[in-house]
Amino acid sequence: MAPPSRSARAAALASSVQRSKPTPYPSKARSALIRRLIVVGLVVVALALITISFRSPTSGALHSIQGAGSTALRPFQIAATRIAQPFRDAYNYFDGLANARSDNQKLRREIVALRAKDIHRAALAAEEPAMARLLHFKQGGVFPNGYRDVNTAVITPPGGPFAHSLTVEAGSADGVRLDSPVLSGDGLVGIVSNVFPDTAQVRLLSDPNTFVAALDVGTGVRGVVHTGVGGTLILDSVQKQFKVKPGDKLVTAGTRNARYPDLYPYGIPIGSVSTVNASDTAPFLQVQVQPFANLGSQTAVAVLVPKKQHR
């Protein structure tokens, strides 16, 4: 007997095995509809429970169920609270620490601002007497003719007993120019030696390079005020036959010849004579001068600027 062919065996196997139909997947629209129905059902149940809870008496069955549930869940609530409390405390600690640092920085900024305001008020209060003296000098009838004053604060006083300059808060933008006389409400302070747009440097009367033609208003004696031996001011070039005595007032002599104008206009107070001595070997009197202005502690000064600028 001949063996069955391969095709016959395949046909027999195919006829004996029946394949099941695949299970169809629900469509997307059907799944969305089911989810919506579930949400609507939950909302309806929640509204119904709320309505029953409000309408039922306080001792009703629903309230009893709520009380029993709350009692049953109470241990879990306490346990959860105890577990969460350390984390809550840690969060509150770090949050409070951050807020404290922020508040501390804010307070520091406020303190700095208040300190700056206090310093500014103190500076203004310190300048007020000096400004008042300057105003009194301007209105006193001895203010030089042909000049206007540029009132300014001293921003850099002399740095020590051997420093003979200061810096003022006014410059070429304010009309200050080189060799402008500088005075306080008490008297001559010095002369402008360097000018910048917003500041100027003043060489003081006590500087060895400062020379001022002076006049004794009581006797009419003329001389030159400058720094002598030991750093004190002296009235030099006064011949012995002239009479100068302690207490005499000295002012700037001003211009005597229009061809050679003096840097200092007439009448600015310089100081008073403190001592007068004569020596057999010296050709001139030895006259010491005490300046009216306190050269080492100026807070505000006036720079004299000619109303007509010379070219």
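Reader: Which residue in S8 does Thr 227 stand opposite?
Author: The model is predicted. In it, Thr 227 stands opposite Leu 233 in S8. Likewise, His 226 stands opposite Ile 234 in S8.

Reader: What makes S7 and S8 a pair?
Author: Two strands pair if DSSP finds at least two bridges between them. Strand S7, residues 222–227, and S8 have four bridges, in the antiparallel sense. Therefore they count as paired.

Reader: How do you know that S6 and S7 pair?
Author: The cut-off is at least two bridges. S6, residues 212–216, and S7 pair over four bridges, so the pairing holds. The sense is antiparallel. Leu 215 has Arg 222 in S7 as its bridge partner.

Reader: Which residues take a positive phi in the hairpins?
Author: In the hairpin of S6 and S7, Gly 220 does, with phi near 80°. Five residues lie between those strands. In the hairpin of S7 and S8, Gly 230 has a positive phi near 90°. Five residues lie between the strands there.

Reader: In what order do the strands close into a barrel?
Author: The order of the six strands is S6-S7-S8-S11-S10-S9, with antiparallel pairing. The twist from one strand to the next averages 40°.

Reader: What makes a residue part of the lining of the second largest pocket?
Author: A lining residue has an atom within 4 Å of a pocket point. The second largest pocket has 15 lining residues. Ile 234, Asp 236, Leu 285, Gln 286 and Val 287 lie nearest its centre. Strands S8, S10 and S11 each give two or more residues to this lining. By class, eight lining residues are nonpolar, six polar and one charged.

Key: Residues numbered from 1 in each chain as written. Predicted model: local features only at pLDDT ≥ 70, side-chain atom pairs only at ≥ 80, totals over all residues. Heavy atoms only, no water. 1 Å grid on protein atoms, 1.4 Å probe; cavity = no way out; pocket = protein on both sides within 12 Å on 5 of 7 lines; lining within 4 Å. Nonpolar A, V, L, I, M, F, W, Y, C, P; charged D, E, K, R; others polar. Axes fitted to C-alpha atoms, helices over the stretch in contact; angles between N-to-C directions.
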